[in-house]
Amino acid sequence: MSRFPILFEDGEALVIDKPAGMPVDRPKRGGMSLEDHLEDLKLNFHRPPWIVHRLDQDTSGCLLLARNPKAVKRFAQAFQNRLVEKRYVGIVAGTLELDSGTIDLALSKVSTKEEGWRMVADEAGKPSVTHWLKLAEIGGNTLVEFRPETGRTHQIRIHALAGLGIPLLGDPVYGDRSTGPRTMLHASSITMTREGKPPITATSPMPEDFKELGFSDG
């Protein structure tokens with residue numbers, strides 16, 4: 001029996017509800033990761049599933065897995081061709097004047113001995129586009145819907161800071177760790193169309209730590 005809620009399942013795909021705090025890949029410093037649970041996710045199949053995309057350790061919600069090698073290739077191609085629609089919700093540490101918009105900021109990775117690596121807005125970087133919509137304001141914080149067109153590392157986190165001018169609540173790299181229990185970002189839904197098959201579609205409910213700050217699915 002899997003310890004992860006299964007949000008979608010068929011012969012070639014699984015979507016699980018990844019908990020916050022669970023790294024997808026094994027950390028360099030050691031410790032448990034999603035890789036340690038792939039055997040539990042066989043769910044009566046002969047082989048464990050493959051991980052085809054990533055969520056940050058702190059990010060909760062929809063994570064797509066492939067159940068056979070052919071599906072791995074098809075799903076990877078779908079991500080590359082931007083055929084996968086992903087919706088995130090995040091809580092930013094402040095209020096916004098506008099109700100919606102598009103952040104179009106190219107991103108690059110930088111690394112320093114003092115601070116380690118991070119992403120920065122850089123005109124010479126890789127194109128990165130995120131659409132956003134203000135959903136609610138409570139207690140000086142704002143719940144925002146993010147729909148990324150591209151899938152760069154830390155894209156929503158750095159776009160919140162550099163594009164909206166306000167970091168995600170609790171973000172230890174681009175904001176202030178002490179403002180939240182974690183980086184407050186949740187992968188709330190994922191949809192991928194498939195030729196000759198019904199689309200893969202899954203939705204993850206609002207996490208409890210979002211609700212504790214007053215925000216809800218409504």
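Modeller: The chain has three helices and twelve strands; these are DSSP runs numbered from the N terminus, with helices being H or I over at least four residues and strands being E over at least two. The radius of gyration is 17 Å, close to the 17 Å from the globule rule for 218 residues, so the chain is as compact as a globular protein of that length. That radius is taken over C-alpha atoms, and the rule is 2.2 Å times the number of residues to the power 0.38.

Colleague: Before we go on, what kind of model is this?

Modeller: This is a predicted model, where local features need pLDDT of at least 70, side-chain atom pairs count only at pLDDT 80 or more, and totals for chains, interfaces and linings use all residues. Residues are numbered from 1 along each chain as its sequence is written, and side-chain values use heavy atoms, leaving out hydrogens and water.

Colleague: Among contacts between residues at least 6 apart in sequence, what percentage joins residues at least 24 apart?

Modeller: A contact is a pair with heavy atoms within 4.5 Å. Of the contacts you describe, the share joining residues at least 24 apart is 61%.

Colleague: Now strand β4: how many of its residues are buried?

Modeller: β4 covers residues 60-66 and is mostly covered. The buried count is seven of seven.

Colleague: Which strands does β4 pair with?

Modeller: Strands pair if DSSP finds at least two bridges between them. β2 (residues 13-18) runs antiparallel to β4 over six bridges, with Ala-13 opposite Ala-66. β3 (residues 50-51) is also antiparallel to β4, with two bridges, and there Trp-50 partners Ala-66.

Colleague: Which residues of helix α2 are buried?

Modeller: α2 spans residues 155-164, and seven of its ten residues are buried. Just after the helix, Gly-165 has a positive phi of about 85°. The buried ones are Gln-155, Ile-156, Arg-157, Ile-158, His-159, Ala-160 and Leu-164.

Colleague: Is His-37 buried or exposed?

Modeller: His-37 sits in the loop between β2 and β3. Leaving out residues up to four places away in sequence, His-37 touches Arg-3, Phe-4, Met-22 and Met-32. Its relative accessible area is 8%, so His-37 is buried.

Colleague: And how far apart in space are Arg-147 and Glu-85, C-alpha to C-alpha?

Modeller: Arg-147 lies in β10 (residues 141-148) and is partly exposed, at 28% relative accessibility. Setting aside neighbours within four places in sequence, Arg-147 is in contact with Glu-85, Lys-86, Arg-87, Thr-130 and His-131. Arg-147 and Glu-85 are 62 residues apart in sequence, while their C-alpha distance is 7.6 Å.

Key
Buried means under 20% relative accessible area, exposed over 50%, partly exposed in between (1.4 Å probe, protein chains only).
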